[in-house]
Amino acid sequence: MVTLNGTKGTPKYLFAAKFADGKIIEQNTEDRSIVNPQCSAFNDVLEEIKVNPLDQFAITDSEQVWLVDLKDGKFTVNGSSFYLHETDKPYYNRRLIFFHRHWTNMLIAEEYDRQYCLGWHGNVEPSIESHNEEFKLFIR
Amino acid sequence: VAATFKFDEDNTSGKTRTSDVRSCNWRSNDANSGTATTGDVTYRNNPITAGNSSFIKYQYGEFSAGGFTTISNGKFGHTAGAMDTGVTLLGQVVSSYTTPVATPLVVGGNIKDMSAVDASLSTGNSPAVLFSTTAPDGSTAATLTGGAAGFTQYLVTQLQTTTGAAPGDTSTYTLTLRYDEQ
């Protein structure tokens, strides 16, 4: 995790990723990749996705849980499920969207906002080259 | 170890780098905006006389190595704080450096009038920012990958005034560098 001006911090939300074969990768509080310690823990998810489809991805602060299911595009927030897409419309090649967005004020060199983005994008036709649509949540 | 992000500033014909600047005080001389250690105690001694422009500021973001997988989707803009009467803010994002001068920038091409607040960084006056693994004026890419150390492009700004600008400090404005991290 990138910290501003060396201020030590820990991620507000930690993630867990569940893959098609049942494998689970959980983010450690140091946010360090096991595959490549130079990277954040999310690197291990990206590496695993290359050989093992991702089924579900969730973030939590131990009290609240946001989850996206890549199999059907369903979001679940604290146990309540919903869709952001029209469920009678097929989507192909669903891929995870996950990042944190930093807003830093250059005039005082401080980060004043951080949003966690969770969602998925998929193609409207089987071809990976076809039109792509995104469905995502921004979480503070 | 978590990566560290900080702002730096280049000044003088020798491109003198000041690391970890903690403000952006436009002024009538080519001097950096001060660090956490030094502060900026000299900008009030070098005010911009009404009707003139500040020296151009060349600031940029710097990421130390490690702690992230990707850094991407950089954006830069004026996100809060209405401009004072007689004061305008021009800016651009570039990968080149020239010795800072007080010659007024002129809107056009990459140079934007950033006076209007764009809180969501969604207008054309809030340009995209690319990244480089070598320097703010190095070759660029849309993404820093693999936890490699790097820089943003130069985030260039200049305050321009009319003779109607009030004396003293301006109001506080917020200039935002936004980026996405994985």
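**Close-up views of a two-chain predicted model**

**View 1. A salt bridge within chain A.** The side chains of A:Glu134 and A:Lys136 come together in a salt bridge, with N and O 2.8 Å apart. The term salt bridge is used here for a side-chain nitrogen of Lys or Arg within 4 Å of a carboxyl oxygen of Asp or Glu. A:Glu134 is partly exposed at 46% relative accessibility, and A:Lys136 is partly exposed at 32%. For these labels, buried means under 20% relative accessible area, exposed means over 50%, and partly exposed lies in between (1.4 Å probe, protein chains only).

Please keep in mind that this is a predicted model, in which local features need pLDDT of at least 70 and side-chain atom pairs count only at pLDDT 80 or more, while totals for chains, interfaces and linings use all residues. Residues are numbered from 1 along each chain as its sequence is written, chains are lettered from A and ligands numbered from 1 in the order in which they are written, and side-chain values use heavy atoms, leaving out hydrogens and water.

View 2. B:Lys57 belongs to strand 3 (residues 57–63) of chain B and B:Glu9 to strand 1 (residues 4–11), so the pair ties together parts 48 residues apart in sequence. Strands are DSSP runs (E, at least two residues), as helices are (H or I, at least four), numbered from the N terminus. B:Lys57 is buried, at 3% relative accessible area, and B:Glu9 is buried at 0%.

View 3. The side chains of B:Asp40 and B:Arg27 form a salt bridge, 2.5 Å from N to O. B:Asp40 counts as buried at 16% relative accessibility, and B:Arg27 counts as buried at 1%.

**View 4. Where chain A meets chain B.** In this view, 28 residues of chain A are in contact (heavy atoms within 4.5 Å) with 41 residues of chain B. How many salt bridges cross the interface of chain A and chain B? The rule finds one: A:Arg101 pairs with B:Asp180, their closest N and O atoms being 2.7 Å apart. Strand 8 of chain A gives the most to the side of chain A that touches chain B, with eight residues.

View 5. Within strand 12 of chain B, B:Tyr179 is the bridge partner of A:His102.

Terms used: Two strands pair if DSSP finds at least two bridges between them.
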